[in-house]
Amino acid sequence: MNHTLTRRNTESIALVALFAALLGVMGLIPKIDLPLGVHISIQTLGVMLAGCLLGPWRGLQAIGLFLVAVAAGLPLLSGGRGGLGVFMSPTTGYLVGWTAAAFVTGWLMSILPKSTPLRAAGSAFAASTIGCIAVLYLFGIAGLVWIAKIPLTQAIWANAIFVPGDLIKCALTALVVHSIARAMPDWQLGGAANR
């Protein structure tokens, strides 16, 4: 029993570190700069995948580990950014929101149907849309209002530019989840058995 618990803990630590590293690798893909000091990057795809594949707690831990590394100065964000300064920029709300987005995505994935690969993919799309669009945008809008001093209505409309790209990321997440559900049916999507 103790050996099984140790193996599970080691596996969890490895997955958390792997997804934090995956986010760092995604940061190597160039960003698209937009007005208002925000940009489009592929890294939110990593947040979606962390929630869907690791579940709420491990997904949150992976994003938290990544953000601690960024705060320590590692240039892991798209465009080679890192350090405490990024947490006082217009993107602050989005960065802080990544943890909540991963948690909500993982929680939804853990309770939505996953009995077939197709259902798992549909659940992943829904969980990613709610967690990494609706929840993340709330944090992003709050950051734009608080840090960039943008009026609330303008901050809400500014997020509209992200919707098409984020829906594509949700679809990619669903595709990855579908593939994993088919190839590795024992994978606990949404971390259903893990805390």
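Is Lys169 buried or exposed? With a relative accessibility of 7%, Lys169 counts as buried, where buried means under 20% relative accessible area, exposed means over 50% and partly exposed lies in between, for a 1.4 Å probe and protein chains only.

## Basis of the values

The structure is a predicted model, in which local features need pLDDT of at least 70 and side-chain atom pairs count only at pLDDT 80 or more, while totals for chains, interfaces and linings use all residues. Residues are numbered from 1 along each chain as its sequence is written, and side-chain values use heavy atoms, with hydrogens and water left out.

Side chains of opposite charge can pair when their charged atoms come close. A salt bridge is taken here as a side-chain nitrogen of Lys or Arg within 4 Å of a carboxyl oxygen of Asp or Glu, and by this rule the count comes to one. The partners are Asp166 and Lys169, whose side chains meet at 3.3 Å, N to O.

Both residues belong to helix H7 (residues 163-183), where they stand three residues apart and are thus separated by about one helical turn; helices (H or I, at least four residues) and strands (E, at least two) are DSSP runs, numbered from the N terminus. Asp166 is buried, its relative accessible area being 5%, and Lys169 is buried at 7%.

Helix H4 (residues 92-111) packs with helix H5 (residues 117-146) at an angle of about 155°, the two axes lying 8 Å apart. Axes are lines fitted to C-alpha atoms, for helices over the stretch in contact, and angles run from 0 to 180 degrees between N-to-C directions. H4 and H5 are therefore roughly antiparallel to each other, given that angles under 35 degrees count as roughly parallel, over 145 as roughly antiparallel, 65 to 115 as roughly perpendicular and the rest as oblique. By class, the contact of H4 with H5 has 17 nonpolar, eight polar and no charged residues, with Ala, Val, Leu, Ile, Met, Phe, Trp, Tyr, Cys and Pro counted as nonpolar, Asp, Glu, Lys and Arg as charged, and the others, Gly among them, as polar.

Helix H2 (residues 43-54) also meets H4, their axes coming within 7 Å and crossing at roughly 40°, so H2 and H4 are oblique to each other. The crossing of H4 with H5 is right-handed, and H2 likewise passes H4 in a right-handed crossing; a crossing is left-handed if the near helix is turned anticlockwise from the far one by less than a right angle, and right-handed if clockwise.

## Aromatic pairs

A pair of aromatic rings is described by the distance of the centres and the angle of the planes. Rings of Phe, Tyr and Trp (its six-membered ring) pair if their centres lie within 6.5 Å, and planes under 30 degrees apart count as stacked, over 60 as edge-to-face and the rest as tilted. A search of the whole structure finds four aromatic pairs. In one of them, Phe66 and Trp98 have ring centres 6.0 Å apart and planes at 35°, so the pair is tilted. This pair links distant parts of the chain, with Phe66 in helix H3 (residues 56-71) and Trp98 in helix H4, 32 residues apart. Phe66 is buried at 1% relative accessibility, and Trp98 is buried at 5%.

Ring pairs also link Tyr94, Tyr137 and Phe162 into a cluster. Tyr137 is found in helix H5 and is buried, with 9% relative accessibility. The C-alpha atoms of Tyr137 and Gly97 are separated by 8.0 Å, although these residues are 40 residues apart along the chain.

## Individual positions

Gly106 lies in helix H4 and, at 0% relative accessibility, counts as buried; the C-alpha atoms of Gly106 and Trp57, 49 residues apart along the chain, are separated by 7.7 Å. Ala100, in helix H4, is buried at 19% relative accessibility.

Most residues other than glycine have a negative phi, and most peptide bonds are trans. Lys149, which is not a glycine, has a positive phi of about 55°. Lys149 is found in the loop between H5 and helix H6 (152-158) and is exposed, with a relative accessible area of 63%.
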